[in-house]
Structure formats: structure tokens, C-alpha cells
Amino acid sequence: MQLTKFTDLGLRVLMYVSQHERNKPITISEIATQFNIPRNHLIKVVTFLNKTGWIQTTRGPNGGLRLGTDPASLRLGHVIRVLEGSVSLVNCQEPPCPLGGQCGLKHALDQGLNAFYEYMDTYTLQDVIHNSTAHVIIKLQQSHLAGIH
């Protein structure tokens, strides 16, 4: 199993905006630069995260992004489920499988996927942004600010 690029970027955005110890707002352009991500693709991710309420966006010259919820309340399994938007690893309908769901593979894969989500739910965003991760994010943000002065 591999997470989609959309999910990967969504998790990176959540982590990046979770560390905000400065006066200037975090922008999409900043995140795009720091993670070497196309800005247009990142806009789609940020729009989706804003709709979930996980981040808040403010438009305008002083606008930007910030975390919209407590990082300790964001369970990673739930976040990944929502970002992935898929309920199964395989689609037995496209193309139609001649086994007609009698092989047991889909059930086994669905069980494994659910176990993955349940395990990831033992972690929160707060758990993965503490200590060294937080320090790296803060350094990235500081290097961005130093470059725009």
C-alpha cells in the first residue's frame, strides 16, 4: 500500500502549519517552496484541508494558513482515511472480476487496511510533530523568513 500524493501533501501541510511561532502568516507559496511542491497542486490540498476544518485560511495581503484544531485531537488514521477517500484497496467491479468476490482476497485486504487505520489512530498529529520534527519545521520556517527580508 502506498499513500496518494494528495494524502502525503495533506499530512505535510498539517505538520508544517502546526508549528507557528512567528508574526508572519504561513502561505501556500512558502509551503510549496519548502517542500518543492507545485503551488497549483498544493492549492487543491489546502482547499480540501480548509473544508475539513483542520486548517483555517485567511485571504488577502496579510492572509495565510493556520491549524484549525488541536493537533492532539487529530487521529492520523482518521486523517488518512479522509484524505485517501477510498474504502478499499481493490475494486472488484472495474474491470469486473470473474471470481465475483468468492476468492476472499478483497475481504483479507479490507481487513488489513482497517487494521492499518486502527493502528494509525493510536497516533495523533501531536505525536508526530514533537521534538525533532518540530525543530526541523521551525528551522524551515525561519529560513523562509530570513530569505524574504
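Figure 1. The predicted model contains zero disulfides, a disulfide being a pair of cysteine sulfur atoms within 2.5 Å. The cysteine sulfur closest to that of cysteine 97 belongs to cysteine 92, and at 5.6 Å the separation is too far for a bond. Cysteine 103 is likewise in no disulfide, its nearest cysteine sulfur being that of cysteine 97, 5.8 Å away. Cysteine 97 counts as partly exposed at 30% relative accessibility, and cysteine 103 is partly exposed with a relative accessible area of 44%. Buried denotes under 20% relative accessible area, exposed over 50%, and partly exposed the range in between (1.4 Å probe, protein chains only). Residues are numbered from 1 along each chain as its sequence is written, and side-chain values use heavy atoms, with hydrogens and water left out. Because the model is predicted, local features need pLDDT of at least 70 and side-chain atom pairs count only at pLDDT 80 or more, whereas totals for chains, interfaces and linings use all residues.

Figure 2. Rings of Phe, Tyr and Trp (its six-membered ring) pair if their centres lie within 6.5 Å; planes under 30 degrees apart are stacked, over 60 edge-to-face, and the rest tilted. The count comes to four aromatic pairs. One of them joins phenylalanine 6 and phenylalanine 48 edge-to-face, at 5.5 Å centre to centre and with 75 degrees between the planes. Since phenylalanine 6 lies in helix α1 (residues 5-18) and phenylalanine 48 in helix α3 (residues 39-52), the pair ties together parts 42 residues apart in sequence. Phenylalanine 48 is partly exposed, with a relative accessible area of 28%.

**Figure 3. The aromatic pair between helices α1 and α2.** The ring centres of tyrosine 16 and phenylalanine 35 are 5.8 Å apart and their planes stand at 75 degrees, so this pair is edge-to-face. Tyrosine 16 in helix α1 and phenylalanine 35 in helix α2 are 19 residues apart, and their pairing links distant parts of the chain. Tyrosine 16 is buried at 0% relative accessibility, whereas phenylalanine 35 is partly exposed at 22%.

**Figure 4. Helix α2 and the residue that follows.** Helices (H or I, at least four residues) and strands (E, at least two) are DSSP runs, numbered from the N terminus. Within helix α2 (residues 28-35), Ile28, Glu30, Ile31 and Ala32 are buried. Asparagine 36 follows α2 and has a positive phi, near 55 degrees. The protein as a whole holds seven helices and two strands, in the sequence pattern α-α-α-β-β-α-α-α-α.
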